[in-house]
Amino acid sequence: MGTLGKPDASTVDEESGVQADDDLRSGVADSTPPRLWRMLFRVAGWIFVGLISVVVVAVVISATVHWWQTPRDREAIEQLIGPEHRYVDVNGHRMSVAVQGSGSRTIVLMPGLATPEPILSFGPLARRLAEQNTVVTVEPFGLGLSDGTDTPRTSEAIVDETRAALGELGLSGPYVLMPHSISGLYAMWWTTHHPDEVAAVVGLDDERYTSDSAQGSPDWPSWMAGVSAVGGIRDLIALDKSTDYLELVADYRESLGDAAQYTSDQQDLYLRAYSWVLNPTALDEIARGAENVRGAEGTVFPSTLPALSILAASSLAVEPEWEPSHRSAISNPAIQQVTIMDGHHYLFHAHAAAIAEMAQQFLDEYVPAQ
């Protein structure tokens, strides 16, 4: 009985051995996944920290290069422009201007939206016009070498700041306004609110009210100013200059047209100026574009004001309202005209000589020298 009632030792050992082996295997099976996941998470963490470190180092290097290079680029632009360049104080900020010639008429060149370096951009045209006129190229706040400002970029503010700059230069009106692109809106504001200060308007593919432009402005995020501040735009331009992948440089080359109009130094510095043009001031002007367009709705030139609009054929091809909007601003066809020229939106880059001749003939006919 005792033998029958007592478990067989070998059985117990075998059973316990089997049970022990099962328990061991079960324990290994249960403990392996946590250890493996911990290892994977640790490796992933190392990779993430490594990537963040690379990004931080890249941003620091980019920002350092940008902060070091930008003042040197600005100084190089000042030297390239020469003695015709100066600064005037407007509302406590420095505004960059260039004054050329000494004729009795004063022509005010007004740049388009986010033009990186207006004085260089208008250079060939300004030199030709200055042969018979006093020519002032104004770089509004946020553009070129001018300071930024917190003042909202409305048509009224931009016009008043330009008027103040001309006053600081000792130049009194009436002026011949020569606006490009969005400055057409500002010129129209000027003529309707201060008509006695304007002798004529010669537009260079300048903007008018169109229903499409009045609907909304490009929604440039405010963080773009941060990207620009740490050299992000400079990096993109440098990359595109060597690869042409984004075609930024290709468009820039096309807009400048005949390279003979611009020295290689001018072209290079003009391109570098893109590195700081997406600043908070310029971004605010972009954001208020539709508001400024709506402000020009229904406006026409005063019937006594000579006006010539030189439009680029390329703009007519992409904007059906472009030509009609300019013709609708005419109140007196005898002294107000619209003409079309083949070329890029920045048509004065490649056609400075032709535009200067056309403008001079128009002014000689309708705006006698004083």
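The model you have open is predicted.

**Stop 1: A114**

Select A114. It sits in the loop between β3 (106-110) and α3 (118-129). Look at its backbone. Phi of A114 is near 55 degrees, a positive value in a residue that is not glycine. Is A114 buried or exposed? Buried means under 20% relative accessible area. A114 has 17% relative accessibility, so A114 counts as buried.

**Stop 2: S181**

Now go to S181, in the loop between β5 and α5. Phi of S181 is near 55 degrees, and S181 is not a glycine, yet the value is positive. S181 counts as buried because its relative accessibility is 12%.

**Stop 3: helices α4 and α5**

Show residues 155-168, which form helix α4, and residues 183-193, which form helix α5. Two packed helices are described by the angle between their axes and the distance between the axes. Turn the view until you see both axes. They come within 9 Å and cross at roughly 75 degrees. Angles of 65 to 115 degrees count as roughly perpendicular. Helices α4 and α5 are therefore roughly perpendicular to each other.

Next, show the side chains at the crossing. Which residues of α4 meet α5? Select S155, E156, I158, V159, T162, R163 and L166. On the α5 side, select L185, Y186, W189 and W190. By class, this contact has seven nonpolar, two polar and two charged residues.

**Stop 4: E197**

Move on to E197, in the loop between α5 and β6 (198-204). With 18% relative accessibility, E197 counts as buried. What does its side chain reach? The side chain of E197 makes a polar contact with the side chain of R163, at 2.8 Å. The E197 side chain also makes a polar contact with the side chain of W190, at 3.0 Å. Leaving out residues up to four places away in sequence, E197 touches R163, G173, P174, Y175 and W190.

**Stop 5: G173 and P174**

Two of those neighbours deserve a click. Select the peptide bond from G173 to P174. This bond is cis, with omega near 5 degrees. P174 lies in the loop between α4 and β5 (175-179).

**Stop 6: helix α11**

Select residues 280-287, helix α11. Which of its residues are buried? T281, A282, L283, E285 and I286 are buried. The buried residues of α11 pack against α4, α5, α7 (223-229) and α12 (289-294). Now zoom to the start of α11. There, a side-chain oxygen of N279 reaches to within 3.1 Å of the backbone nitrogen of T281.

**Stop 7: salt bridges**

How many salt bridges does a search of the whole structure find? The search finds eleven salt bridges. Visit three of them.

Begin with E161 and R153. They form a salt bridge, and the closest N and O atoms are 2.7 Å apart. Both E161 and R153 are buried.

Then select D268 and R272. Their salt bridge has its closest N and O atoms 2.6 Å apart. An α-helix has 3.6 residues a turn, so residues three or four places apart point the same way. D268 and R272 are four residues apart in helix α10 (residues 264-272), which means about one helical turn separates them. D268 counts as partly exposed because its relative accessibility is 21%. R272 is partly exposed too, with a relative accessible area of 28%.

Last, select E323 and R327. Their side chains meet in a salt bridge, at 2.9 Å from N to O. E323 and R327 both lie in helix α14 (residues 322-327), four residues apart, about one turn of the helix. E323 is partly exposed, with a relative accessible area of 22%. R327 is partly exposed as well, at 41%. Salt bridges that share partners join D73, R234, D268 and R272 into one network. Select those four together to end the tour.

Methods
Residues are numbered from 1 along each chain as its sequence is written. This is a predicted model: local features need pLDDT of at least 70, side-chain atom pairs count only at pLDDT 80 or more; totals for chains, interfaces and linings use all residues. Side-chain values use heavy atoms; hydrogens and water are left out. Axes are lines fitted to C-alpha atoms, for helices over the stretch in contact, and angles run from 0 to 180 degrees between N-to-C directions. Helices (H or I, at least four residues) and strands (E, at least two) are DSSP runs, numbered from the N terminus. Angles under 35 degrees count as roughly parallel, over 145 as roughly antiparallel, 65 to 115 as roughly perpendicular and the rest as oblique. Contact means heavy atoms within 4.5 Å. Ala, Val, Leu, Ile, Met, Phe, Trp, Tyr, Cys and Pro count as nonpolar, Asp, Glu, Lys and Arg as charged, and the others, Gly among them, as polar. A salt bridge is a side-chain nitrogen of Lys or Arg within 4 Å of a carboxyl oxygen of Asp or Glu. Buried means under 20% relative accessible area, exposed over 50%, partly exposed in between (1.4 Å probe, protein chains only). A polar contact is a pair of N or O atoms within 3.5 Å; within protein, one must be able to donate a hydrogen and the other to accept it, and residues adjacent in sequence count only if both atoms are side-chain atoms.
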